[in-house]
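Here is a short tour of a structure for you to follow along with in your viewer.

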Amino acid sequence: MKRLIGWKIIILGLVLLFGLPAGVSAQKLVVGYSGVTAIQAPFWIMKDAGYLKQEGLDSNLIYIAASSTMAQAMMAGEVAISTANSQAVVDTGLQGGDLVAVGAFVNFVALYVIAAPEIKSVQDLRGKPVGVTRFGATTDFAMQMFLKKYGLEPVRDVPIIQIGGVPELAAALSKRSIYAAAMSYPMGLVAQQAGMKMLANLAKEEIPFVHQGLTTTGKFLRERRAHAKSFVRAYGRAVHFMHNRKEESKAILSRYTKVTDPAMLEGTMQYAYDFVEKVPLVKREAFQVTLDESAKKNPKAKLAKAEQFYDNSLVEELIKEGFFVSLWGR
């Protein structure tokens, strides 16, 4: 009996020294989000409501101000899964990287063009600088597509300035360093309260684009597929939480955005409800539009196929398993 107790003590000591087996302990994961906007809310809820932990994922949540910068962090192995958009995935892939979207928060541009009050129409932007967070970011893609739709050539007709994050865009707009920017809520609301105006709702322009993705690397998907699937499950639970536990969701949103005004919080939450996908399937056309735009500057894009940049298999497996039906019903 003493010998048996002795072995148990030794085994317990080894467990404490070296940790539990990989299958038992939570898996470390660095998760990145690229904007302080309402459509990032599922990432915040996944963390704060405990869904990542529930799925066995021990996560650190970090903010990196633009998808293009996020892509660099992912390729460097500093971030495992992020909200990087289709432009970042395509640009990285055409340079030999292996980012892949395994899901999509939003499959079209979900931004508002906020402008100085003296800008009465899109044509008034001719010769005046507009701002984007980073070149290659969603704000950049959105602004360029918007200008082109109304006959203005980006850079040539309308200078584009790289500013930083969305809060920095609002500040630059108030100082007239720029005269318009593609912005999300809540900062779009903040800018409007400061006297700026909404020039356009880009959702009505129906520009296909993976505005926010569930993006990882091909390496992570191959080597840690089960963890990637767990992450997509956590996303699904977070979106369901957002719709069904509104006051708790507002509290989480307020914690990350620093918005406390009740009316602004309500408007910000509605922005998320309007645009965030309940079943995060990537739409092919969202990547095709991105490739078509990239092909104007990069000949490699003409030879690429949209399907090489996304993989819906995890979401499709969860659909077949009845996961989303269990959340939302039929």
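Helix α6 gives the most to the lining of the largest pocket, supplying four residues. Please keep in mind that this is a predicted model.

**The largest pocket**

- The volume of the largest pocket is about 400 Å³.
- Elements that give two or more residues to its lining are α5, α6 and α13 (284-294).
- In total, 19 residues line the largest pocket, and those nearest its centre are Gln87, Gln144, Glu293, Ser294 and Lys297.

**A closer look at Gln87**

- Gln87 sits in helix α5, which spans residues 86-94, and is among the residues nearest the centre of the largest pocket.
- Is Gln87 buried or exposed? Its relative accessibility is 9%, so Gln87 counts as buried, the cut-off for buried being under 20%.
- Setting aside neighbours within four places in sequence, Gln87 is in contact with Gly136, Phe141, Phe209, Thr290 and Ser294.
- Ser294, one of those contacts, is also listed with Gln87 among the residues nearest the centre of the largest pocket.

**The enclosed cavity**

- Rolling a probe the size of a water molecule over the atoms shows where empty space is left.
- How many cavities of 30 Å³ or more are there? The count comes to one.
- The largest cavity holds about 150 Å³ of space.
- Its lining is made up of 18 residues, with Ser34, Thr138, Thr139, Val166 and Gln212 closest to the centre.
- Both α6 (138-149) and β10 (208-217) supply at least two residues of the lining of the largest cavity.
- By class, the lining of the largest cavity has seven nonpolar and 11 polar residues, with no charged ones.

**Backbone details to check**

- Most residues other than glycine have a negative phi, and most peptide bonds are trans.
- Which two residues does a cis peptide bond join? They are Tyr185 and Pro186, and omega is about 20°.
- Pro186 is placed in the loop between β8 (180-183) and α8 (187-193).
- Val155 has a positive phi, near 75°, and belongs to the loop between α6 and β7 (160-162). With a relative accessible area of 61%, Val155 is exposed.
- Lys258 also has a positive phi, near 70°. Its place is in the loop between α11 (246-257) and α12 (262-275), and Lys258 is exposed, with a relative accessible area of 67%.

**Salt bridges**

- Side chains of opposite charge can pair when their charged atoms come close.
- The count of salt bridges comes to 20.
- Arg176 and Glu118 form a salt bridge through their side chains, at 3.0 Å from N to O. This pair links distant parts of the chain, 58 residues apart: Arg176 is in the loop between α7 (166-174) and β8, and Glu118 in the loop between β5 (112-115) and β6 (130-132).
- Arg176 counts as partly exposed at 28% relative accessibility, and Glu118 is partly exposed with a relative accessible area of 37%.
- Glu317 and Lys229 also form a salt bridge, their closest N and O atoms being 3.0 Å apart. Because Glu317 lies in helix α15 (residues 313-320) and Lys229 in helix α10 (residues 225-244), the pair ties together parts that are 88 residues apart in sequence.
- Glu317 is partly exposed at 26% relative accessibility, whereas Lys229 is buried at 13%.
- Glu317 and Lys229 belong to a network of salt bridges that also links Arg225 and Glu321.
- Within helix α11, Glu247 and Lys250 are three residues apart, so about one helical turn separates them. Their side chains meet in a salt bridge at 3.7 Å, N to O.
- Glu247 is exposed, at 57% relative accessibility, while Lys250 is buried, with a relative accessible area of 12%.

Technical notes: Residues numbered from 1 in each chain as written. Predicted model: local features only at pLDDT ≥ 70, side-chain atom pairs only at ≥ 80, totals over all residues. Heavy atoms only, no water. Buried < 20%, exposed > 50% of the residue type's maximum accessible area, 1.4 Å probe, protein only. Contact = heavy atoms within 4.5 Å. 1 Å grid on protein atoms, 1.4 Å probe; cavity = no way out; pocket = protein on both sides within 12 Å on 5 of 7 lines; lining within 4 Å. Points joined across faces, edges and corners; volume = space filled by probe spheres on them. Nonpolar A, V, L, I, M, F, W, Y, C, P; charged D, E, K, R; others polar. Salt bridge = Lys/Arg side-chain N within 4 Å of Asp/Glu carboxyl O.
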